[in-house]
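Please look over the model shown here before reading the briefing on its overall build, its domains and its ligand shell.

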Amino acid sequence: MKTRITELFGIQHPIIQGGMHFVGFAELAAAVSNAGGLGIITGLTQSTPELLANEIRRCREMTDKPFGVNLTFLPVLTAPDYPSYIRAIIDGGIKVVETAGNNPQKWLPALHQAGVKVIHKCTSVRHSLKAEAIGCDAVSVDGFECGGHPGEDDVPNFILLPRAAEELKIPFVASGGMADGRSLVAALALGAEGINMGTRFIATQEAPVHDNVKQAIVAASELDTRLVMRSLRNTERVLRNDAVDRLLEKERTLGANLKFEDIISEVAGVYPRIMLQGEMEAGAWSCGMVAGLIHDIPSVRDLIDRIMQEADDIIRARLAGMLAA
Ligand SMILES: Cc1cc2nc3c(=O)[nH]c(=O)nc-3n(C[C@H](O)[C@H](O)[C@H](O)COP(=O)(O)O)c2cc1C
């Protein structure tokens with residue numbers, strides 16, 4: 001399939017694996033790129049720029065296809081050493097960066113000068129237009145359904161994607177709630193040029209996370225996620241568990257007085273325990289409503305081949321058949 005996104009990034013299929021904290025290691029990124037999609041290493045999961053450089057090297061040993069790096073600009077007081085992370089990305093020969101969080105404008109000249117294409121993740125049309133105005137090459141439009149941070153506007157993809165299509169000139173992919181060939185065809189119909197998936201890629205054989213995480217996603221339904229940290233304007237969609245119930249109880253009790261320190265034991269530093277050790281009650285971890293559509297743990301290649309075959313069947317047989325009739 002050829003879209004503006006496959007052309008822009010030089011990939012076979014219009015499928016991107018979004019950056020995921022303690023999931024987006026070289027093994028997953030390489031598997032996605034080898035299967036014809038765009039794999040992405042999560043930059044800040046590597047605690048130093050040197051470790052990121054090493055992760056890029058490891059990934060390059062596993063694939064000769066293009067892969068990218070996610071750089072999340074966090075709303076924190078002591079920022080990571082972003083200039084050195086960007087140097088590691090450029091020196092590592094990376095040609096695609098997925099930015100997320102705060103406005104990436106400051107970092108665009110250095111990236112563009114090095115021939116790096118930038119796709120910025122946005123949860124609203126106005127942020128997408130801003131990304132276009134500052135010179136981003138593409139946008140990943142992340143609807144309310146998404147795992148991770150859906151923003152504060154709560155607009156689901158059935159509205160957000162066609163609204164983005166009405167306004168944007170640069171290409172965009174649909175992110176949030178994407179799982180299969182039906183998602184891909186729907187996203188294309190709504191104006192996107194491809195899809196970005198997070199949660200679906202965790203439940204694959206190559207995702208380098210504990211099996212408990214994969215099984216939790218398969219067991220979950222579309223009713224099992226919760227929104228946390230709303231009052232801190234740092235909303236995150238997570239899978240419900242005991243820690244999340246505790247966190248929500250604190251949010252209810254403390255209301256507008258809630259501070260980050262009150263919930264630190266449920267959210268800070270929990271990812272390695274959950275993703276690597278499989279301690280499923282250790283804290284809150286991002287998961288999309290799309291868990292309800294995930295029923296198996298295929299290899300990345302089988303998943304991507306299945307998505308493309310299903311999309312082809314829907315377009316050629318189901319939809320074309322309806323027109324013929
Ligand atoms: C476990 C997990 C961790 C994530 N970590 C990050 C992150 O560090 N940076 C980022 O930009 N997005 C992160 N995301 C968001 C994904 O890149 C993607 O936008 C999102 O998962 C899409 O929604 P979906 O889960 O419905 O596919 C994360 C998502 C999940 C599920």
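Helices (H or I, at least four residues) and strands (E, at least two) are DSSP runs, numbered from the N terminus. On that basis the secondary structure of the chain comes to 14 helices and 10 strands. This is a predicted model, in which local features need pLDDT of at least 70 and side-chain atom pairs count only at pLDDT 80 or more, while totals for chains, interfaces and linings use all residues. Residues are numbered from 1 along each chain as its sequence is written.

**Overall build**
- Along the principal axes, the C-alpha atoms of the chain fill a box of roughly 60 × 45 × 35 Å.
- Of the 325 residues of the chain, 47% count as buried, that is, with 20 or more other C-beta atoms, placed from the backbone, within 10 Å of their own.

**Domains**
- The domain assignment, which is automatic or from a database, gives domain 1 (4-208) and domain 2 (212-289).
- The contact between them takes 19 residues from domain 1 and 17 residues from domain 2, where two residues are in contact if their C-beta atoms, placed from the backbone, lie within 7 Å.
- The C-alpha centres of domain 1 and domain 2 lie 23 Å apart.

**Ligand shell**
- The ligand is surrounded by 29 residues, of which the closest are Gly18, Ala100, Gly147, Gly198 and Gly288; a residue is near a molecule if its C-beta atom, placed from the backbone, lies within 6 Å of it.
- At least two residues of the shell come from each of β3 (67-73), β8 (195-197) and α9 (199-202).
- Because domain 1 (4-208) and domain 2 (212-289) both give residues to the shell, the ligand lies between them.

Methods: Buried ≥ 20, exposed ≤ 12 C-beta atoms within 10 Å, placed from the backbone.
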